[in-house]
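Here is a friendly briefing to read alongside the structure. It goes through the contacts between chains and then picks out a few residues worth a look.

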Amino acid sequence: MLKMATEFENMTDVRTAKMSAKDVHVFYGDTHAVKGISLDLHQDEVTALIGPSGCGKSTFLRCLNRMNDTVTTCRVEGTITLDGENIYDPKIDVVQLRARVGMVFQKPNPFPKSIYDNVAYGPRIHGLAQHRTDLDEIVTTALEKAGLWNEVKDRLDSPGTALSGGQQQRLCIARAIAVNPEVILMDEPCSALDPIATAKVEALIDELKGRYAIAIVTHSMQQAARVSQKTAFFHLGDLVEHGDTTEIFTAPKEERTRDYITGRFG
Amino acid sequence: MTSTAIFLSLILLALVAFALTRQKALVSAGGDPAKLHSLPRHYGYFASACVILPGLLAFSIWLIFGKSIIEGLILAGLPENVYQEGVDNAALVLNRIRLAIENTVAVEKDPDILAAAQRFNDLYIKGLWATFALSISFGLVGLYLAANRTQPDFRARNKFERILLIALAISSVLAVATTLGIVGSLLFESLRFFQEVSLVEFVFGLHWSPQTALRADQVASAGAFGAVPLFAGTLLISLIAMSVAGPIGLLAAIYLTQYASVRMRKVAKPVLEILAGVPTVVYGFFAALTVAPMFRDMGIVLGLDIASESALAAGLVMGIMIIPFVSSLSDDAITAVPKSLKDGSLALGATPSETIKQVVLPAALPGIVGAFLLAVSRAVGETMIVVMAAGMQPKLTANPLEAVTTVTVQIVALLTGDQEFDSAKTLSAFALGLALFVSTMALNVVALKIVRKYREVYD
Amino acid sequence: MSKETTEFKPTDWQSPEMKARIKRRYRKEKSFRVMGFTAVIIAALFLVTLLGKISSDGIYGFFQTSIDLDVPFSEAVIGNPRDMDADAFEQQVMRTNMLRLINDALVKEFPEVKSRRDRRELIRMVSSGARAQLRDMLLADPSIVGTTQRVRLLASDDIDQVRKGKINPEEAEANRKVKDRELAWYNKLVEEDRISLNFHTAFLTHGDSRDPEMAGIWGATVGSALTLVVTLAIAFPIGVLAAIYLEEFAPKNRLTDLIEVNINNLAAVPSIVFGLLGLAVFLGVMHLPRSAPLVGGLTLALMTLPTIIIASRASIKAVPPSIRDAARGLGASPMQVVFHHVVPLAMPGILTGTIIGMAQALGETAPLLMIGMVAFIVDIPGGVTDAATALPVQIFLWADSPERAFVEKTSAAIMVLLFFLIMMNGLAIWLRQKFERQW
């Protein structure tokens, strides 16, 4: 296991990673949820985190922008760096970190505000726009990038909660993009969506991969195969195998990975 | 013969009925309970119910209407010089009769009244005996019918459960009956009031001085009944109370739900619960004896003229009383906001306070508005604090340093001490009560609707 | 600004403006947090002030000052018990003006006081309750006649206030109730060690009185207890039965919806309105006796009913359907399911709700004012139809009294009331914790 990780590090050292986790452990009270995971995220790349439920992939994802801070019983060990800086360093400002590392949740969670205000919320609190026109520009761009612009441009004032599930999720992605993040974390973004909405979100992820480092937790192996370049397989808090998506799905090295991919457990 | 004796004999009869029918059921089945449709005791229960219910019916008719009927008879029998129909002194005459009955010391000299008192007593005793006879015979008829039906194939349990179900339903209707009773009695007395004082004067009049209407036989020359100063005073004190309880209660709720550690919550929650459990009369005492004099002394130091019964003191203490109310209802509203919304905001890099102010509170707004409305209704209807700490002067002012009076203070002032049921002064208390009931009810209905709608959104 | 540039230019988080902005945001964060904390502290401070003020005043209410006087039980005043039978002696004692005994004792203690006016003032240092004290002594033990006994007599409320330090001797004479001469007498008594402050059991065992040193809360306590008994006897069965019906049997239709809304709204109706209802219906229509615990109890029962119904319904709802299914599966009728299985399981919750409702009723004042339980009543009520008052009303009445000494009596009465409330709520919490069940 440990050998695996070092081997993988050597393999990817060629390029500098955008985010890099080294030997990360997470505890919920007495429960050891994530056991020594090392993983890099790269710019221009989508990394899929797959594995059965309760394998620690969501927990690990939430460590990357310190959302686990909101859980009082949660404790994180090891280092995670963003552009070489340890994000768990006390010097690091978590507000800034979360602006740089955006997140999209499992269930669409638009704020009970208008579509415009949903997207403008981040830029406003961070002061990214000096004038109203700048803000309009940011909102428009974010909605365009999220592929939602044409559907909502005439009703920016209607509440975000009035959109369909798929639209809501794309609104949440637009909301994350609007803050101008460098990394986007997605926690099963399509699990609450129907197939058509899922296809739209997947197309969007593909579109976005050029500009952001993206990590996506997913239950669906087909989705992982479709959208990701790298795949990491988690099991019981361990990172079992990690590598190019095509390789993982066609020639997994580990027994457990093969069993999972072929559907023998999950 | 007393009412208690009637009640007890009914109970006794019911017990006898239980024992008898239970035995009869067993005998009818030849001593083998298995041959009965129901258990022997079910036959007993059924018989008891058949005795008690009709008996109680007769008894409660007496309880509710007995005295009124007797009074009617007495009044009708009085000579014209004492009482004339149409002349509105019935209550006065009745009161004299009542005093003549109760007083061992003979104050009453009028022979007509004394005779009436004697007649009243006779009728009352007769009425009691009649009720006794009636309710016991009702009970006996019930027992006879029940005993007749005590056969092995009689479905005693089903019948008894049927009766029980009706009793359950009646119990639940009683809550509605209470409301109807409130509305009915307030409306009835208020209508009598509005026959003497116009509704327009009551609702829009700027002058309130009911004390001039002292003579019950001259109600037409009543004093002024313009309730606007009372409404204004109530509003002023409620406003002060809400400006204390609103921010403190809401902020406390925010702190306890969003920031406080588990230990802090464990200490703070009981503090708020105790604050909520302190009787209002204690707050009133605190307001009148500690807070109001403190404000007055402070006013002297600052060169301000603060009344010793200032609206400020009463309002402040009322605000303290309402803090736990606001905070616990706001607490519910805030915790009902899904965590995903909060996470969404935090994940965008918002600070906790930005998240609370811009996401959590707007999402919880309907619940909080509901909480505030309920709190206002609480403040408007609060009695003891204002009775003890606010003044009696119906003054139309927005200055919190002056003494004002409220609707509830006036109700208490009008109805404590000696009173005549018919005078406009007394009746005006019911009109005020009606105004109070209608306004608090409206606030409650709106608040509960908002809160309910809001819960549906997040369920 | 073109799209391309916004897309690819990362936000400059290190710029001075951005740094200043983040600093500002954190300052706001902190101040908001402090505001919340302050709100909690303010609420706590209010509570501490309230309870502190009341207990620091109230503690004095349980103590009363006495004056030890050598009382000559002279035969000349009382008559000789050996000359008559017990009944005659009792009548003689009841007839005797005990003030003369007190007067004699004071004359012996203060021989320098001569004029009638001064003597009268002197005798005012002893409470009027001292007469009953002496009478009881004589009746209990007639053999003391002819002897001189040192008796611990209750002091008047003014002397009591001096002893408790509530009247400041330094203040200008015109501004205080106890004048210089009385203070001199008082000081003499103190020097002779005749003044003492003792626990005052009469406060807990006596009825009301116009004299603060004689006033007790037993009458009000009994009144409250009788009222609560009536309330419980009415509200508990009806409330539980109504809850059972609404939760288990009521069809879901407009009528039950109406009942439900009605109960919720009734819980928020101001208590004084219930008082008006009681006045109009129980006194006006049914002519029940005024000022009686019966009427108070009925009125409070109507007020507590919604609380009990709401709590009972919640408790009944919490019993899982599987229990009902199991009982029904054994052939129990719907009534048997409810009364044999559901209600016993829901009982702890129902009782908790009932106790909380009763505690509310115990603290309630306004409705009782409406139905006349606000009279000055010395006698201890013996039944639910006797005129009575209740603890909170007693507090209200004493708070209104002009005598300064009533302040501490009021506070002491509040302490007793709060004690009962704490016991009741404690019982409710204990019940809840003991029988709390996770289904």
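Between chain B and chain C of this predicted model, 9 residue pairs are in polar contact, with both residues of each pair at pLDDT 80 or more. On the side of chain B that touches chain C, helix 5 (residues 156-196) of chain B gives the most, with 19 residues.

**Chain B with chain C**

- The contact brings together 84 residues of chain B and 75 residues of chain C.
- About 6,800 Å² is buried between chain B and chain C, and carbon and sulfur atoms give 78% of this area.
- Leu168(B), Tyr255(B) and Phe285(B) supply 9% of the area that chain B buries against chain C, which is more than any other three residues.
- How many salt bridges cross the interface of chain B and chain C? The rule finds 1 salt bridge there.
- Glu354(B) and Arg25(C) meet through their side chains in a salt bridge, at 2.7 Å from N to O.

**Two residues of helix 5 in chain B**

- Ser185(B) sits in helix 5 of chain B.
- Is Ser185(B) buried or exposed? Ser185(B) counts as buried because its relative accessible area is 8%, and the cut-off for buried is under 20%.
- Beyond its neighbours within four places in sequence, Ser185(B) is in contact with Phe430(B) in its own chain and with Leu277(C), Ala280(C) and Val281(C) across in chain C.
- The side chain of Ser185(B) also reaches back to the backbone oxygen of Ile182(B), at 3.3 Å.
- For a sense of distance, the C-alpha atoms of Ser185(B) and Ala156(B) are separated by 41 Å, and these residues are 29 apart along the chain.
- Thr179(B) is another residue of helix 5 in chain B.
- Thr179(B) has a relative accessible area of 8%, so it is buried.
- Leaving out residues up to four places away in sequence, Thr179(B) touches Phe437(B) and Met441(B), together with Asn262(C) and Leu266(C).

**Chain A with chain C**

- Here 20 residues from chain A and 15 residues from chain C take part in the contact.
- Chain A and chain C bury about 1,500 Å² between them, with 49% of it on carbon and sulfur atoms.
- Which residues of chain A lose the most area to chain C? They are Gln96(A), Glu137(A) and Asn180(A), which together make up 29% of what that side buries.
- Helix 3 (94-100), helix 4 (115-126) and helix 5 (132-145) of chain A each supply at least two residues of the side of chain A that touches chain C.
- The count of salt bridges between chain A and chain C is 0.
- Polar contacts do link chain A and chain C, with 6 residue pairs found across their interface, both residues at pLDDT 80 or more.

**A nonpolar patch on chain B**

- Phe7(B), Leu8(B), Ile11(B), Leu12(B), Leu15(B), Val16(B) and Leu20(B) make a nonpolar surface patch of about 640 Å².
- One of these residues, Ile11(B), lies in helix 1 (residues 3-28) of chain B.

Methods:
Residues are numbered from 1 along each chain as its sequence is written. Chains are lettered from A and ligands numbered from 1 in the order in which they are written. This is a predicted model: local features need pLDDT of at least 70, side-chain atom pairs count only at pLDDT 80 or more; totals for chains, interfaces and linings use all residues. Side-chain values use heavy atoms; hydrogens and water are left out. Patches are made of residues with over 30% relative accessible area and no salt bridge: like charges are joined within 9 Å, nonpolar side chains (Val, Leu, Ile, Met, Phe, Trp, Tyr) within 5 Å. Accessible areas come from the Shrake-Rupley method with a 1.4 Å probe; for residues, only the protein chains shown count as cover. A salt bridge is a side-chain nitrogen of Lys or Arg within 4 Å of a carboxyl oxygen of Asp or Glu. Helices (H or I, at least four residues) and strands (E, at least two) are DSSP runs, numbered from the N terminus. Contact means heavy atoms within 4.5 Å. Buried area is the accessible area (1.4 Å probe) that two parts lose on being put together, summed over both. A polar contact is a pair of N or O atoms within 3.5 Å; within protein, one must be able to donate a hydrogen and the other to accept it, and residues adjacent in sequence count only if both atoms are side-chain atoms. Buried means under 20% relative accessible area, exposed over 50%, partly exposed in between (1.4 Å probe, protein chains only).
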